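Colleague: I would like to go through the labels put on this model and hear what each one rests on. Please set each value against its cut-off.

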Amino acid sequence: VTNTAKTGELEINKVVSMPEGFAVTAGESFTFTVTGPNGYKTTRTITVDENGAGTVKLTNLVPGTYTVAETENSLYTTTYSVVDGKVAVTANEKAAVTVTNTAKTGELVINKTVVMPAGFAVPADETFTFTVKGPNGYTATRNITVNAQGTGTVEITNLIPGDYTVV
């Protein structure tokens, strides 16, 4: 008599979410550690495509609870489609977990000051146009209209970390 253990599968789906105006970095890799019954432990890497998606499948898993944990990445907030990354794998079935990384964002404030020679008034309501360039091909144009004191401000939000140029 031969007894064959019934096993299951675990699919880990990766999604990277970027703010509007930013592209996902195709080829970016994310590392996961999966632990489970009987001391099971493996490390896998998922590389995302230009849509920010990637998948890895683990097969021949003994039924039980498995924990999926992504190595922390300071550029993203990570969420799991299951509580605490715990997934129940059952015999002859495929379990799945989706791990979503949402880019952490910041803001850029551009202040414009117009200084006129003594005796000349600041031209109120004059508008100045700036181009902002940043990581992942980010480009934006913003206008600042100065007030009677010669100052104006514009704030750009939802920017991913990186270096930006204002011209």
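Modeller: Contact here means heavy atoms within 4.5 Å. Keep in mind that this is a predicted model.

Colleague: Which residues are in contact with methionine 18, leaving aside its neighbours within four places in sequence?

Modeller: Methionine 18 is in contact with Ala23, Val24, Tyr76, Ala103, Asn136 and Ile160. Each of these is listed because it has heavy atoms within 4.5 Å of the methionine.

Colleague: What makes methionine 18 stand out in the largest nonpolar core?

Modeller: That core has 33 residues, and Met18 is one of the four that touch the most other members, with Leu10, Ile12 and Val68. The largest share of the core, 4 residues, comes from strand β8, residues 94–103.

Colleague: Strand β8 also belongs to a sheet. Which strands form that sheet, and in what order?

Modeller: The order is β4-β1-β8-β6, an open sheet of 4 strands with mixed pairing. Its edge strands are β4 (53–61) and β6 (76–80). They are called edges because each pairs on one side only. On average, neighbouring strands of this sheet are turned by 20° against each other, direction ignored.

Colleague: How do you know that β6 and β8 pair?

Modeller: Pairing needs at least two bridges, and β6 and β8 have 5, in the antiparallel sense. They therefore count as paired. Within this pair, threonine 79 has threonine 100 of β8 as its bridge partner.

Colleague: What about the other open sheet: which strands form it?

Modeller: It has 3 strands in the order β11-β10-β13, with antiparallel pairing. The edge strands are β11 and β13, each pairing on one side only.

Colleague: Over how many bridges does β10 pair with β13?

Modeller: There are 2 bridges between β10 and β13 (residues 165–166). The criterion asks for at least two, so this counts as a pair. Strand β10 (residues 127–133) and strand β11 (residues 139–145) pair over 7 bridges. Valine 132 has a bridge partner in each of these strands: alanine 140 in β11 and valine 166 in β13.

Colleague: What lies between β10 and β11?

Modeller: The two strands form a hairpin with 5 residues between them. In the turn, asparagine 136 has a positive phi of about 60°. Asn136 was also among the contacts of methionine 18.

Colleague: Where is asparagine 73, and what does it touch?

Modeller: Asparagine 73 sits in the loop between β5 (64–70) and β6. Not counting residues up to four places away in sequence, it touches Glu28 and Phe30.

Colleague: Why does asparagine 73 count as having a polar contact with leucine 75?

Modeller: The side chain of asparagine 73 reaches the backbone nitrogen of leucine 75 at 3.0 Å. The cut-off is 3.5 Å, so the pair qualifies.

Colleague: How many salt bridges does a search of the whole structure find?

Modeller: The search finds 3.

Colleague: Why is the pair of lysine 57 and glutamate 11 called a salt bridge?

Modeller: The closest N and O atoms are 3.7 Å apart. The limit is 4 Å, so the pair is counted. Lysine 57 lies in strand β4 and glutamate 11 in strand β1 (residues 8–17), 46 residues apart.

Colleague: Are the two partners buried or exposed?

Modeller: Glutamate 11 has 12% relative accessibility, and since buried means under 20%, it counts as buried.

Colleague: What makes Glu11, Lys57 and Lys94 a network?

Modeller: The three are linked by salt bridges. Besides the bridge to lysine 57, glutamate 11 meets lysine 94 at 3.5 Å, N to O. That pair joins strand β1 to strand β8 across 83 residues. Lysine 94 is partly exposed, at 48%.

Colleague: What is known about lysine 14 and glutamate 70?

Modeller: Their side chains meet in a salt bridge at 2.6 Å, N to O. Lysine 14 is in strand β1 and glutamate 70 in strand β5, 56 residues apart. Lysine 14 has 1% relative accessibility and glutamate 70 has 10%. Buried means under 20%, so lysine 14 and glutamate 70 both count as buried.

Methods. Residues numbered from 1 in each chain as written. Predicted model: local features only at pLDDT ≥ 70, side-chain atom pairs only at ≥ 80, totals over all residues. Heavy atoms only, no water. Core = buried A, V, L, I, M, F, W, Y, C linked by side-chain atoms within 4.5 Å. Buried < 20%, exposed > 50% of the residue type's maximum accessible area, 1.4 Å probe, protein only. Axes fitted to C-alpha atoms, helices over the stretch in contact; angles between N-to-C directions. Polar contact = N/O pair within 3.5 Å; in protein donor to acceptor, adjacent residues only side chain to side chain.
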